[in-house]
Amino acid sequence: MYAYCLHCSTVKCAMVAESIRRKLGCEAFSPRIVQRKWVKGKAVEEVHDYLPGYVFVYTREPIDSFEPIRSMEGVLRCLGERREGYLLGGDDRRFAEMLYANGGIIGILKAYEEGDRVKLFGDSFEGEIIRLDRRKGRAQIRYTFDQTEYKVWVGYDLMK
């Protein structure tokens, strides 16, 4: 599987993803996240856009020419290096693979206790827990994507 990412005009992401699916026949989406919040003492899960402005593209064969993609209305730039065919690498690739494995949605993560620390289970999300709200079942995670450090609150379920 080949993974690419486009930085787009935020309001054009859905249109760009749909055009890529239709014209190139590959998978493309803007990531979404499930966030847990508390309303009147009950946990409520809501799905929101995540990383507005980014469209991830996955193909079985490498993309030969990016000119049709780069010329689409709303596409600002392709992530990755031109000389490497704009393929994602390193942390960006791992992040893209995690999104693909989860259908483009960062859901409620599974975590476990190791001594007095809570760690994410498996490779459900590549990042480091920096804050924990045990009462509300939320963790703030720090990770890097597109050479930028992000922090996000995600819901977690503690596994025994």
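Predicted model: local features only at pLDDT ≥ 70, side-chain atom pairs only at ≥ 80, totals over all residues.

Reader: Is Y2 buried, exposed or partly exposed?
Author: Y2 counts as partly exposed, at 29% relative accessibility.

Reader: What is Y2 in contact with, leaving aside its neighbours within four places in sequence?
Author: Y2 is in contact with V57, Y58, T59, R60, E61, P62, L87 and R93. Take R60 from that list: its C-alpha atom is separated from that of Y2 by 6.1 Å, though the two residues are 58 apart along the chain.

Reader: Next, helix α1. What should its 12 residues span, and how far apart are its ends?
Author: Helix α1 covers residues 13-24. At 1.5 Å a residue it should span 16 Å. The end C-alpha atoms are 16 Å apart, which agrees.

Reader: Which residues of α1 are buried?
Author: C13, V16, A17, S19 and I20. They cover an arc of only 160 degrees around the axis, so they sit on the same side of α1.

Reader: Why would residues a few places apart point the same way?
Author: An α-helix has 3.6 residues a turn, so residues three or four places apart point the same way.

Reader: And which residues are exposed on the other side of α1?
Author: A14 and R22 are exposed there.

Reader: What do the buried residues of α1 pack against?
Author: They pack against strands β1 (2-8) and β2 (27-29), plus β5, α2 and β6.

Reader: What follows α1?
Author: G25 does. Its phi is positive, near 70 degrees.

Reader: New topic: aromatics. How many aromatic pairs are there?
Author: The structure holds 11. Take F56 and F95: their ring centres are 6.1 Å apart and their planes are at 50 degrees, so the pair is tilted.

Reader: Where do F56 and F95 sit in the chain?
Author: F56 is in strand β5 (residues 54-59), and F95 is in helix α3 (residues 90-101).

Reader: What about F66 and Y86, how are their rings arranged?
Author: The centres are 4.9 Å apart and the planes are at 65 degrees, so that pair is edge-to-face. F66 is in the loop between β5 and α2 (67-70), while Y86 is in the loop between β6 (75-78) and α3. They are 20 residues apart, and this pair also links distant parts of the chain. F66 is buried, and so is Y86.

Reader: Which residues form the aromatic cluster?
Author: One cluster is formed by F29, Y54, F56, Y58, F95, Y100, Y143, F145 and Y150.

Reader: What lies over the face of W153?
Author: R138 does, at 4.9 Å from the ring centre.

Reader: On to charges. How many salt bridges?
Author: The count comes to 13. One of them joins D146 and R77, with the closest N and O atoms 2.5 Å apart. D146 is in the loop between β11 (138-145) and β12 (148-158), and R77 is in strand β6. The two are 69 residues apart, so this pair links distant parts of the chain as well.

Reader: What does R83 form a salt bridge with?
Author: E81, with the closest N and O atoms 3.2 Å apart. R83 counts as exposed, at 71% relative accessibility. E81 is partly exposed, at 38%.

Reader: And R94, what is its partner?
Author: D91, with the closest N and O atoms 2.3 Å apart. They are three residues apart in helix α3, which means about one helical turn separates them. R94 is partly exposed, at 38%, and D91 is partly exposed, at 40%.

Reader: Which residues do shared partners join into one network?
Author: E18, R21 and R22.

How values were computed: Residues numbered from 1 in each chain as written. Heavy atoms only, no water. Phe/Tyr/Trp six-rings, centres within 6.5 Å; stacked < 30°, edge-to-face > 60°. Helix = DSSP H or I, 4+ residues; strand = E, 2+ residues; numbered from the N terminus. Buried < 20%, exposed > 50% of the residue type's maximum accessible area, 1.4 Å probe, protein only. Lys NZ or Arg CZ within 6 Å of the ring centre and 35° of its normal. Expected span 1.5 Å × (residues − 1). Arc of directions from axis to C-beta. Contact = heavy atoms within 4.5 Å. Salt bridge = Lys/Arg side-chain N within 4 Å of Asp/Glu carboxyl O.
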